[in-house]
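Please read the following walk through a structure, which takes a few residues in turn and then turns to pairs of charged side chains.

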Amino acid sequence: MEITIEGNLFAKVDVKNVKSKYRFNGNSCTKAEVVTISVPSGRFEGKVSPKGRFIGIARVKREKKKEDYIEFVPQRFKEEKLLVVNEKQYSYYLADSENPVELELIGPLKLKVYTRVIYGEGMRGKLNYNYLYRIDGDEKKLSVTTRPSESASLTGAEIISVAEMHTIKLPEGEHSIQFYPNSKHKEVLFRFYIPENRLKIAR
């Protein structure tokens with residue numbers, strides 16, 4: 001089979017005569033051959049044409065581009081905590097009920113939120129906690145079940161939980177966001193990531 005774009009030959013595909021378990025209009029068909037092609041931005045006309053006496057079947061799927069995420073430092077927070085995970089340092093931002101972590105962002109974008117809590121004296125094993133976030137005055141709650149981390153540590157001797165991640169979709173426009181624990185859990189540590197191509201806009 002031949003793949004042409006705007007009349008120009010782009011690729012030739014050698015389809016092997018190996019039967020698959022699938023059928024097309026009641027007839028047997030071969031196993032699929034997968035071809036990945038890179039097409040520049042813009043609008044193009046493409047054709048997939050069989051050669052010889054066979055009938056060709058083609059399925060075109062657009063591959064989603066994987067977004068690269070980068071850390072986003074909040075504009076306001078109570079305290080920065082340095083965690084060591086597998087000999088690498090990561091900044092987390094502490095919030096309590098009176099001192100939320102605050103971000104100013106421009107959507108649309110997906111905000112990745114990583115949270116941890118510090119285990120207090122006598123606390124062990126699985127732990128349930130909640131945190132709240134407010135976007136433009138609209139408050140929502142997220143519930144988390146976590147456990148002590150075996151690879152992360154604070155600069156002190158405290159036991160820290162594993163990181164738990166939630167994704168928050170922000171609509172178009174400017175947004176003010178606050179993150180804070182509920183009254184039962186006094187402090188939560190936060191770390192944020194946004195798509196790298198949105199960093200300049202967010203700043």
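Proline 195 belongs to strand S16, which covers residues 188-195. The model in which it sits is a predicted one. With a relative accessible area of 2%, proline 195 is buried, because buried means under 20%. Beyond residues up to four places away in sequence, proline 195 touches Glu67, Asp68, Tyr69, Leu109 and Lys110. Another pairing concerns leucine 111: 84 residues separate proline 195 from leucine 111 in sequence, while their C-alpha atoms are 7.9 Å apart in space.

Asparagine 182 is located in the loop between strand S15 (164-181) and S16. Its relative accessibility is 14%, so asparagine 182 counts as buried. When neighbours within four places in sequence are left aside, the residues in contact with asparagine 182 are Asn130, Tyr131 and Leu132.

Glutamate 45 is also found in a loop, the one between strand S4 (27-30) and strand S5 (46-49). Is glutamate 45 buried or exposed? Its relative accessibility is 51%, and exposed means over 50%, so glutamate 45 counts as exposed. In sequence, glutamate 45 and isoleucine 5 are 40 residues apart; in space, C-alpha to C-alpha, the two are 5.7 Å apart.

The next topic is the salt bridges. How many salt bridges are there? The count comes to 7. One of them joins the side chains of glutamate 104 and arginine 76, at 3.3 Å from N to O. Glutamate 104 lies in strand S9 (residues 101-116), whereas arginine 76 lies in the loop between strand S6 (69-72) and strand S7 (79-85), so this pair ties together parts that are 28 residues apart in sequence. Glutamate 104 counts as partly exposed at 31% relative accessibility, and arginine 76 is partly exposed with a relative accessible area of 38%.

A salt bridge also links the side chains of lysine 81 and glutamate 79, with an N to O distance of 3.7 Å. Of this pair, glutamate 79 has a relative accessible area of 34%, so glutamate 79 is partly exposed.

In a further salt bridge, the side chains of glutamate 139 and arginine 134 meet at 3.1 Å, N to O. Glutamate 139 counts as partly exposed at 40% relative accessibility, and arginine 134 counts as partly exposed at 29%. Elsewhere, salt bridges that share partners join Arg76, Glu102 and Glu104 into one network.

Definitions and conventions
Residues are numbered from 1 along each chain as its sequence is written. This is a predicted model: local features need pLDDT of at least 70, side-chain atom pairs count only at pLDDT 80 or more; totals for chains, interfaces and linings use all residues. Side-chain values use heavy atoms; hydrogens and water are left out. Helices (H or I, at least four residues) and strands (E, at least two) are DSSP runs, numbered from the N terminus. Buried means under 20% relative accessible area, exposed over 50%, partly exposed in between (1.4 Å probe, protein chains only). Contact means heavy atoms within 4.5 Å. A salt bridge is a side-chain nitrogen of Lys or Arg within 4 Å of a carboxyl oxygen of Asp or Glu.
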